Amino acid sequence: MTTGSYIGISTMKPCCRILGSYKSSSLFGFSPTKFKDSSSIMGIMTKSCHPKSCHRHRYHTCNSDTQIVGYISVINPNRRDFSVSDPNWGLSRSFSTRFCVNIGSIRPRVLSMIPNVASDFRNQSTSVDSHSNDTSFEKIYIQSGLNTKPLVIQKIETDQSELEEVTEETSDGSNINIHSFKDLSDNKVKKELSEIEKEAWKLLHGAVVTYCGNPVGTVAANDPAEKQPLNYDQVFLRDFVPSALAFLLNGEGEIVKNFLLHTLQLQSWEKTVDCYSPGQGLMPASFKVRTVPLDGSNEAFEEILDPDFGESAIGRVAPVDSGLWWIILLRAYGKLTGDYALQERVDVQTGIRLILKLCLTDGFDMFPSLLVTDGSCMIDRRMGIHGHPLEIQALFYSALRCAREILIVNDSTKNLVAAVNNRLSALSFHMREYYWVDMKKINEIYRYKTEEYSTDAVNKFNIYPEQIPAWLVDWISDEGGYFIGNLQPAHMDFRFFTLGNLWTIVSSLGTSKQNQGILNLIEAKWDDLVGQMPLKICYPALEGEEWRIITGSDPKNTPWSYHNGGSWPTLLWQFTLACIKMGRPDLAQKAVDLAEKRISVDRWPEYYDTRNGKFIGKQSRLMQTWTIAGFLTSKMLLENPEKASFLFWEEDFELLQNCVCMLNKSGRRKCSRFASRSQILV
């Protein structure tokens, strides 16, 4: 990269118009013209900037004669920004905003502008809402501030001597980024890539989606032979996570930073389904980059981001897990790159708070677990997981632990931080005490008394022993155990859900003994949970009348297919991470070696069918990106296990000491934690 000055600290380069809503010209509830410190403000006054409506959505554009009002951020001279140049994308990496216009078949014309919201937060303010008098968690001051895209003039930096790039050329001529710059020298890949890894990297880079010339994510699947892509040509938040980790572990961080910031912008837009709008903190399930005519012209075109918040999804279900994955990825980005400045930005801090506000809002529920509808996570079709599914609870706990690390504590966030700590404490106890089953617990349930009316009841959820399925009695391992799939009054879902159990290990939601028990169970039941292709999304499959009633006779979720007992190779990276944490990399290596025998030959399928994962799924998409990325991430984690420590959490004993129950003088409200402490596995 040529040494020279640049403007901005963000690699996010919003351009053209972004499909969404626009309400006001203020940022986080205040106007930049109200600043009084002339040393930190530069105003460049112009004529007009107007929203232009288009059916139910709105576009926000600025005319070419638009003038800019912004402020200069004061940046620590010792802090550098994270930027990576990847020759595969053939893009010039600068730090200026770009506006892309395609005129006919002519090559896109790029106009430089000043980039979007950015600041060195800790050096300027001690509060996310520093310009608001409201500091309570329940009244986060936002007022559509993220709907606008104010422009900011930032530090000009000329010394780029630390920026360098080393690439490795593969046999097919593609380049793989090995070393981005000095601060990421420990991310350097030092081994010769195998042929399957070279193929995987080529496919992963081929799946990259660009927005005005800048990488912002990867498509869900990229099979050239597929004539009906449906929504597989979109960037899904949950699907991009393994891709993001693969890029980060390989020193390619710009695409991840762009993804985090662009999806953050989408968060604040209006989402409406049949005249109803969900919470403002909701993250989209996916987005697509579309090319549309510029202001009605037939010759000039521009790119827009078109998000889907569930209004186009099957069943119109909001993606509860999207915001949780976004927070988890934000922490991983900081840990693997050292670029913690991104987490400190005002817009990022506010985005985290909006997600947490949505998750921590008081409701009618009596439990600390999140109440969701069916199909609100990776299992996005009707599979009987409505209520308090394990996957959501494990990701929720992980996101809360991330937020606990990332949130800047001050007067405006102290109530939120307290709420996070209380929820973590309550949720960890609730899951460990009521979701965990092993042979001893099943025998205890088998002897439950029912219809207990008392604060001292043992069978708190009034579970009937007849609910214990016949398959479980012979299937459960003597040395292992697992967290059940769901828990509600008079209902326990005893199915084994792989993603949720793996994330209880990764996040330390389970105790050390419980976490080890999960891996022991997987090892003991290898043929059932792994078979010929890792790993089953759930076990066992719903069959017969149970399948007809619970799935509604879903033709895609037939027994041992897709979400109903199908085998999903993308789960491999999460299994690898859990195994490394528990000191069992040999178990992960065994699964990776098993997948490596077939996955490339089978053209990287989305999922596999049959009880042992022998057949490629009957409706499985090929060249599935998160299958490719999951394999690469697993390989890199096994080769660099020290990197895995950035992605998981150890037990937080402080949380175990915090009891959120308030005992009144009458003693009627008793804390079950103290009564059950002797039963908690440690």
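Which residues are linked with E192 in a network of salt bridges? Select E195 and K198 together with E192, and you have that network on screen. A salt bridge here is a side-chain nitrogen of Lys or Arg within 4 Å of a carboxyl oxygen of Asp or Glu.

Before moving on, a word about what you are looking at: this is a predicted model, in which local features need pLDDT of at least 70 and side-chain atom pairs count only at pLDDT 80 or more, while totals for chains, interfaces and linings use all residues. Residues are numbered from 1 along each chain as its sequence is written, and side-chain values use heavy atoms, with hydrogens and water left out.

**Stop one: R603 and D223.** The structure holds 21 salt bridges, and one of them joins R603 to D223, with the closest N and O atoms 3.2 Å apart. The partners sit 380 residues apart: R603 is in the loop between α17 (585-596) and β20 (608-609), and D223 is in the loop between β12 (214-218) and β13 (235-236). Helices (H or I, at least four residues) and strands (E, at least two) are DSSP runs, numbered from the N terminus. Buried means under 20% relative accessible area, exposed over 50%, and partly exposed in between (1.4 Å probe, protein chains only).

**Stop two: R621 and E226.** Now select R621 and E226, a salt bridge whose closest N and O atoms are 3.6 Å apart. R621 lies in the loop between β21 (615-616) and α18 (625-639) and E226 in the loop between β12 and β13, so this pair ties together parts 395 residues apart in sequence. Here R621 is buried, at 11%, and E226 is partly exposed, at 34%.

**Stop three: D306 and R290.** Next, zoom in on D306 and R290, which form a salt bridge of 2.7 Å, N to O. Because D306 is in strand β15 (residues 300-308) and R290 in strand β14 (residues 286-293), the pair ties together parts 16 residues apart in sequence. D306 is buried at 17%, while R290 is partly exposed at 33%.

**Last stop: helix α16.** Select residues 572-581. How many of the 10 residues of α16 are buried? The count is 10 of the 10, so this helix is largely enclosed by the rest of the structure. Among them are W573, F575 and K581. Finally, click on G583, which follows α16 and has a positive phi, near 70°.
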